[in-house]
Amino acid sequence: MIEWLAIPAIALGAALIPGKKMTDEKKIQQIFENRKVGINQGENFLHPILIRKYNHSTYTTYIYSLPLGVPSEAFETFIPVLKDGLNKDVEIEFDDVLKINVFEQGLPSSWNYDDTLLQADTWEIPVGKNHKGILYHDFEKYPHMLVGGVTRFGKTVLIKETFYTLLMNQIKNVEFYFLDLKGGLEFGKYEGLPQVKAVASDVFEAAEVLSDIVDDLKKREKMFRAKGYTNIVDTPIKKRTFVIVDEGAELSPNIIAGEGKKYAKFCQAALSEISRIGGGLGLRLIYCTQYPTKEAVPMQVKMNIVARISFIAAAQIASMVILDEKGAEDLPSTPGRAIYKIEKKRVVQVPYIDDKYMMEKMEERENEIIHATANRKPVNDNRPTEYDENTPPAANT
Ligand SMILES: Nc1ncnc2c1ncn2[C@@H]1O[C@H](COP(=O)(O)OP(=O)(O)OP(=O)(O)O)[C@@H](O)[C@H]1O
Ligand SMILES: [Mg+2]
């Protein structure tokens, strides 16, 4: 083993290749030593110590105790090193101890959406597959979502999949506002559905739509106050309203020029309001952008969004804007590969869906979709007249 000590860290990836018989456990230990992971204590250099190891069917978990004083962030940069060294997918977690999951197989480079993913009557959408199974995002727990990543890696596909899932699971209770700022090209075709309240395709239309939403928000707030409600999830109200922004940068007053500027200002203020107080009142904001800068992602909006998804980012700084952490810049250049972050980051492969599938399935349930809102029953009868949460969306306009 002595020769390993002489190998400079830089040659590590290559150096591990001849030692094919080496176990992953040994390799990790070796990487700790070569990379000097640990701290100096007097004469000794203390490395993390393996305290437990669990074999699962598709992956192995190694648990290390860390010498006091080793900063946990130090291990972030270490993930690519481990991946290269082991030639396997790796996930790191901290929880007083250092937990390294080493996966036997990589994630699929693509997988198709199908209706078995639907969970009727819930507000959950499948965000993707990771090594342990399919992860769902629950909009009842985390009402808003921030989505970023460079162009052509799957933001719009994720929104489509979200829209389709929510529509099919909650035909009677869901409504959507699309701010489809790439010209209304993607979502304009769904404008005819009773659940789709409006599709705005530029900053002027967006301002109009957001102004209606904010007015409605004020009425809801008043109604909630009158009834002593604090969060919609604890009320009998079933309706949820999704505001989906595809290309938020188009609403940035610092980015757009001329006449649009003041409309953009209004839009950003409205979106901040929605993210700040809308969650408890039944609004859900999904905000996407390929330009992860502070101009394109207003601080107020970002601060109020816990759930983040980033596809591959152009640079570390872009990852920081979306996830508040680095990592998205190191994703492989596979469309649909993303980091989903609630409390911790998880790499997933988002299911792929296309318009053809969505259209076919929607046609199969056309009657249900079209008539979904016609017979909606009031939940309670002493609701205030100025705001009626049970009014069918079709009659609300
Ligand atoms: N989950 C996925 N699985 C497999 N392929 C995908 C997935 N998502 C996207 N792709 C591929 O990448 C292409 C671009 O995806 P999409 O339009 O969603 O990108 P985008 O991030 O919205 O780009 P832009 O920022 O330019 O709008 C799709 O047409 C598809 O071929
Ligand atoms: Mg797009």
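Colleague: Which residue stands opposite Glu175 in S12?
Modeller: In this predicted model, the residue of S12 that stands opposite Glu175 is Thr241.

Colleague: What makes S10 and strand S12 (residues 240–246) count as paired?
Modeller: Two strands pair if DSSP finds at least two bridges between them. Seven bridges join S10 to S12, with the two strands running parallel, and so the pair meets the requirement of at least two bridges.

Colleague: How do you know that S10 also pairs with strand S11 (residues 196–200), and in which sense?
Modeller: S10 and S11 are joined over four bridges in the parallel sense, and since at least two are required, they count as a pair. As an example, Phe178 has Val199 of S11 as its bridge partner.

Colleague: Why is strand S10 (residues 174–180) called mostly covered?
Modeller: A residue is buried if 20 or more other C-beta atoms lie within 10 Å of its own, and seven of the seven residues of S10 are buried. Val174, Phe176, Phe178 and Asp180 point one way from the strand, while Glu175, Tyr177 and Leu179 point the other way, and all of them are buried.

Colleague: How far apart are Glu205 and Leu181 in sequence and in space?
Modeller: Glu205 and Leu181 are 24 residues apart in sequence, and from C-alpha to C-alpha they are 9.6 Å apart in space.

Colleague: What is the phi of Asp121, a residue other than glycine?
Modeller: The phi of Asp121 is near 70°, which is a positive value. Most residues other than glycine have a negative phi. Asp121 lies in the loop between strand S6 (97–103) and strand S7 (124–130).

Colleague: How do you know whether Asp121 is buried or exposed?
Modeller: Asp121 has 11 other C-beta atoms within 10 Å, and a residue with 12 or fewer is exposed, so Asp121 is called exposed.

Colleague: What makes Arg152 buried or exposed, and where is its place?
Modeller: Arg152 is in the loop between S9 and helix H5 (155–169). Its count is 11 other C-beta atoms within 10 Å, and with the cut-off at 12 or fewer, Arg152 is exposed. Its phi is positive, about 70°, although Arg152 is not a glycine.

Colleague: How many residues surround ligand 1, and of which class?
Modeller: There are 14 residues around ligand 1, and the closest are Thr151, Gly154, Lys155, Thr156 and Gly336. By class, the shell has five nonpolar, seven polar and two charged residues.

Colleague: Which residues of helix H9 (residues 316–323) are buried, and how do you know how they are placed around the axis of H9?
Modeller: The buried residues of H9 are Ala318, Ser319, Val321, Ile322 and Leu323. Seen down the axis of H9, these residues fall within an arc of 165°, so they line one face of the helix. What covers them includes strand S9 (145–148), strand S14 (307–311), strand S15 (337–341) and strand S16 (345–349). H9 is followed by Asp324, whose phi is positive, near 65°.

Colleague: How are S15 and S16 joined, and in what sense do they run?
Modeller: Five bridges join S15 to S16, which run antiparallel, and at least two are needed for a pair, so these strands are counted as one. A hairpin links S15 to S16 through three residues, and Ala338 stands opposite Val348 in S16. S16 is mostly covered, since four of its five residues are buried.

Colleague: In what order do the four strands of the open sheet stand, and why are strand S3 (49–55) and strand S5 (89–95) said to be at the edges?
Modeller: The order is S3-S4-S6-S5, with antiparallel pairing. S3 and S5 each have a single partner strand, so one side of each is left without a neighbour in the sheet. Neighbouring strands of this sheet are turned by 20° against each other on average, direction ignored.

Methods
Residues numbered from 1 in each chain as written. Chains lettered and ligands numbered in written order. Predicted model: local features only at pLDDT ≥ 70, side-chain atom pairs only at ≥ 80, totals over all residues. Arc of directions from axis to C-beta. Contact = placed C-beta atoms within 7 Å. Near = placed C-beta within 6 Å. Nonpolar A, V, L, I, M, F, W, Y, C, P; charged D, E, K, R; others polar. Axes fitted to C-alpha atoms, helices over the stretch in contact; angles between N-to-C directions.
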